[in-house]
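Subject: Structure for you to look through

Dear colleague,

Here is the structure I promised to hand over, together with its sequence.

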Amino acid sequence: MFNEKAQKMKLDDIRELQEKRLLKQVKYAYENVPMYKKRFKEEGIKPSDIKKLEDARKVPFTVKDDLRDHYPYGILAVPKEKVVRFHASSGTTGTPTVVSYTKKDMDVWGDLMARCYDSAGVEPEYIVQNAYGYGLFTGGLGFHQGAEVMGCAVLPTSTGNTKKQIKMMNDFQTEVLAATPSYAIYLSEAAEKYGFDPLEDFNLKVGMFGAEPWSEEARESIENSLGIKAQDVYGMSELYGPGVAVECPEQNGLHIWSDEFLVETIDPKTGEVLPEGEKGEIVFTMLTREAMPLLRYRTKDVGSVTYEECECGRQHPRIEKIEGRSDDMLIVGGVNVFPSQVEAALLETEGIGEHYQIIVDRDVLDKLYVRAEVDKDHYESSEYDEEKLKKEASENLTAVLNIKARLKLLEPGTLPRTVGKAKRVIDQREEQDRIEEL
Ligand code: ADP
Ligand code: ZN
């Protein structure tokens, strides 16, 4: 097992180490980042007020705008000469958020990612086909470095060039596919188009899928079509990148590597810390980050954390599969709608494919439109009955959403495909260029 000592730490030991590291890290951040010194003073607290783990809640929060405000060098706690890498968030709006790493940070990140591969069931002799985008996005290089640390061979195919990607998957008989779940779905469809049967021809064993929310239904579909164990990997650029949490073979939540990350769940409105198991905004403190020691970073991701022991023997707490970000949540006619709920309802309907779009529009009232492709095999089969399928899918949508969604079924292959993170939601309530024909 890769870094068994860290992976198999007992909860008591984790907590002891967290406390020791937290106290040190708070002092480090205060002394080396002017923003924190200022903020601590404003709130009237000193690092010495943080005496035990529970005192973490006294520490001020950090938010994404804090990083934006410090563009381009980020919240640096070290002289620029000590930085060995920059990355920037893939965010499409506003100023990018830049993150930085020292040599030591890179080593920690590599170790965390290697643990993720190991926990997900990857063996050192496997070949990892890395179809995450290489570049400013942390996905490509993060999955790359971790695989090497783990001892795997990496095939750095990056995103796109799907035909070549599939040829190499076959020629090299790669065991691991690292990609966004939407690209994995795209690849499995494309494989068939190019005349391959993934179950017969490929040798895939494990999928390392993350960077965007995906449902249990999507997991089942990917596992069946590619013949792999599809594992969920979570992270974000502000917290190194991918590698914060990962599933183990039990697939019952993602273990957070808690010797490096202190996790809290808060009420996003009041900032109050919520009890274990309650759903809220996830907040992380990196316990040893050197270049940018973010304290209590508000992720905007919604989830819940459990400390119950897992069958796999790891005692690192688990976060349930992330449903989405609080800012992904749509409020349609006063009702909260998560895109992941729509996905789950659609995929629950036999005959609906994996590709869909959610459009919110407004005339007098808000309206929710869902456009979903029919599954290719189903579409071509004699069973296909458009009216029946539409009725069934609409009922499933209504059951989870508590609001009427206007569903339109589309022919397979109609919607645009993506090689990175999928863009599935179009909110055109405020926009001028509207898609009129819904
Ligand atoms: P950006 O904010 O530009 O997309 P990142 O690429 O760092 O920057 O994306 C991080 C975000 O991606 C997380 O905050 C989370 O919302 C989402 N994410 C990452 N991994 C997962 C996952 N396994 N499940 C659900 N969402 C994820
Ligand atoms: Zn486990």
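Strand 9, which covers residues 254-256, and strand 14, which covers residues 318-319, are joined by two bridges and run antiparallel to each other. If you look along this pair in the model, which is a predicted one, you will see that L254 has I319 of strand 14 standing opposite. Both strands belong to an open sheet of nine strands, whose order is 4-3-5-6-7-8-9-14-13 and whose pairing is mixed. At the edges of this sheet are strand 4 (153-155) and strand 13 (305-306), each of which pairs on one side only. As background, the strands of a sheet pair through backbone hydrogen bonds, and they may do this in either a parallel or an antiparallel way.

There is also an open sheet made of four strands, in the order 10-11-12-15, and here the pairing is antiparallel. Strand 10 (261-266) and strand 15 have a single partner strand each, because they stand at the edges, and so one side of each is left without a neighbour in the sheet. Between strand 10 and strand 11 (residues 280-286), which run antiparallel, there are six bridges, and I266 has E281 in strand 11 as its bridge partner.

Now to the domains. The domain assignment divides the protein chain into domain 1, given as 1-325, and domain 2, given as 330-427, and the C-alpha centres of the two lie 29 Å apart. How many residues of domain 1 are in contact with domain 2? The contact involves 21 residues of domain 1 and 15 residues of domain 2, and the area buried between the two domains is about 1600 Å², with carbon and sulfur atoms giving 55% of it.

Across this interface one salt bridge is found, and E189 and R417 form a salt bridge in which the closest N and O atoms are 3.1 Å apart. Eight residue pairs in polar contact are also found across the interface of domain 1 and domain 2. On the side of domain 1 that touches domain 2, at least two residues each are supplied by helix 8 (181-193), helix 10 (216-226) and strand 15 (324-325), and helix 8 gives the largest share, with five residues.

With best wishes

How values were computed
Residues are numbered from 1 along each chain as its sequence is written. Chains are lettered from A and ligands numbered from 1 in the order in which they are written. This is a predicted model: local features need pLDDT of at least 70, side-chain atom pairs count only at pLDDT 80 or more; totals for chains, interfaces and linings use all residues. Side-chain values use heavy atoms; hydrogens and water are left out. Domain bounds come from an automatic or database domain assignment. Contact means heavy atoms within 4.5 Å. Buried area is the accessible area (1.4 Å probe) that two parts lose on being put together, summed over both. A salt bridge is a side-chain nitrogen of Lys or Arg within 4 Å of a carboxyl oxygen of Asp or Glu. A polar contact is a pair of N or O atoms within 3.5 Å; within protein, one must be able to donate a hydrogen and the other to accept it, and residues adjacent in sequence count only if both atoms are side-chain atoms. Two strands pair if DSSP finds at least two bridges between them.
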